[in-house]
Amino acid sequence: MTKNNEVVLVKQYKHGMGEILLELPGGMQQKNRSVIESALNELEEETGIKTTADKLISLGKIANNPTKLKQVTYGFITFDAEFNAVQKLDATEDIQVLIVPAPQVLQMALNNEIWVTDSLNFILKAALAYPEVFGLDKR
């Protein structure tokens with residue numbers, strides 16, 4: 001989240017789906033790095049936002065298809081994020097960064113504009129945890 005309560009999203013082509021999708025920045029846990037260190041690194045690499053571990057607030061974890069996969073995804077939120085570094089994309093990445101007001105992101109999730117499982121879950125968890133940021137206190 002930026003200081004103006006905007007959600008930072010990434011728009012990129014996903015080979016598995018063969019589509020360009022909107023999602024929250026993220027990635028896999030990196031070798032010899034903790035989940036937190038990996039989250040910080042992915043945020044900076046994909047968006048150019050550099051922050052510190054003490055500013056990450058856990059949104060918990062989710063299991064993606066636990067019948068077939070042993071995959072756990074951890075989610076975090078940070079407030080007052082600033083674009084204070086440079087994107088460090090891999091050679092195969094082409095990522096567009098978008099900043100969208102939190103209430104609009106929630107509506108995008110409801111309208112199926114954002115439908116990647118982990119992003120959708122963490123947007124909804126963030127909206128429940130911080131309803132005032134997502135405009136839910138006005139409904």
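Helices (H or I, at least four residues) and strands (E, at least two) are taken here as DSSP runs, numbered from the N terminus. On that basis, the chain comprises three helices and five strands, arranged from the N terminus on in the order β-β-α-β-β-β-α-α. The model is predicted: local features need pLDDT of at least 70, side-chain atom pairs count only at pLDDT 80 or more, and totals for chains, interfaces and linings use all residues. Residues are numbered from 1 along each chain as its sequence is written, and side-chain values use heavy atoms, with hydrogens and water left out.

The overall dimensions were examined next. The radius of gyration, taken over C-alpha atoms, is 15 Å; this agrees with the value near 14 Å that a compact globule of 139 residues would have, the globule rule being 2.2 Å times the number of residues to the power 0.38. Along the principal axes, the C-alpha atoms fill a box of roughly 45 × 40 × 25 Å. The accessible surface (Shrake-Rupley method, 1.4 Å probe; for residues, only the protein chains shown count as cover) comes to about 8,600 Å², and 51% of this surface belongs to carbon and sulfur atoms. Of the 139 residues, 37% count as buried, where buried means under 20% relative accessible area, exposed over 50%, and partly exposed in between (1.4 Å probe, protein chains only). With contact defined as heavy atoms within 4.5 Å, 57% of the contacts between residues at least 6 apart in sequence join residues at least 24 apart.

In soluble globular proteins, nonpolar side chains tend to be buried together. A nonpolar core is defined as a set of buried Ala, Val, Leu, Ile, Met, Phe, Trp, Tyr and Cys residues joined through side-chain atoms within 4.5 Å. The largest such core in the model has 21 residues, and those with the most contacts inside it are Met1, Val7, Leu9, Val105, Ile114, Ile123 and Phe134. At least two residues of this core are supplied by each of strand S1 (6-14), strand S3 (57-63), helix H2 (102-110) and helix H3; H2 provides the largest share, five residues. Beyond its neighbours within four places in sequence, Ile123 is in contact with Leu24, Val105, Leu106, Ala109, Ile114 and Phe134.

One aromatic pair was found in a search of the whole structure. Rings of Phe, Tyr and Trp (its six-membered ring) pair if their centres lie within 6.5 Å; planes under 30 degrees apart count as stacked, over 60 as edge-to-face and the rest as tilted. The ring centres of Phe79 and Tyr130 lie 5.0 Å apart with planes at 70 degrees, and the pair is therefore edge-to-face. It links distant parts of the chain, 51 residues apart: Phe79 is in the loop between strand S4 (72-77) and strand S5 (96-101), and Tyr130 is in the segment after helix H3 (117-129). Phe79 is partly exposed at 25% relative accessible area, whereas Tyr130 is buried at 19%.

Two salt bridges are present, each defined by a side-chain nitrogen of Lys or Arg within 4 Å of a carboxyl oxygen of Asp or Glu. In one, the closest N and O atoms of Lys14 and Glu23 are 2.9 Å apart; Lys14 is partly exposed at 28% relative accessible area, while Glu23 is buried at 9%. In the other, Lys88 and Glu44 meet at 3.0 Å, N to O. This pair also links distant parts of the chain, with Lys88 in the loop between S4 and S5 and Glu44 in helix H1 (residues 35-47), 44 residues apart. Lys88 is partly exposed, with a relative accessible area of 46%, and Glu44 is buried at 11%.
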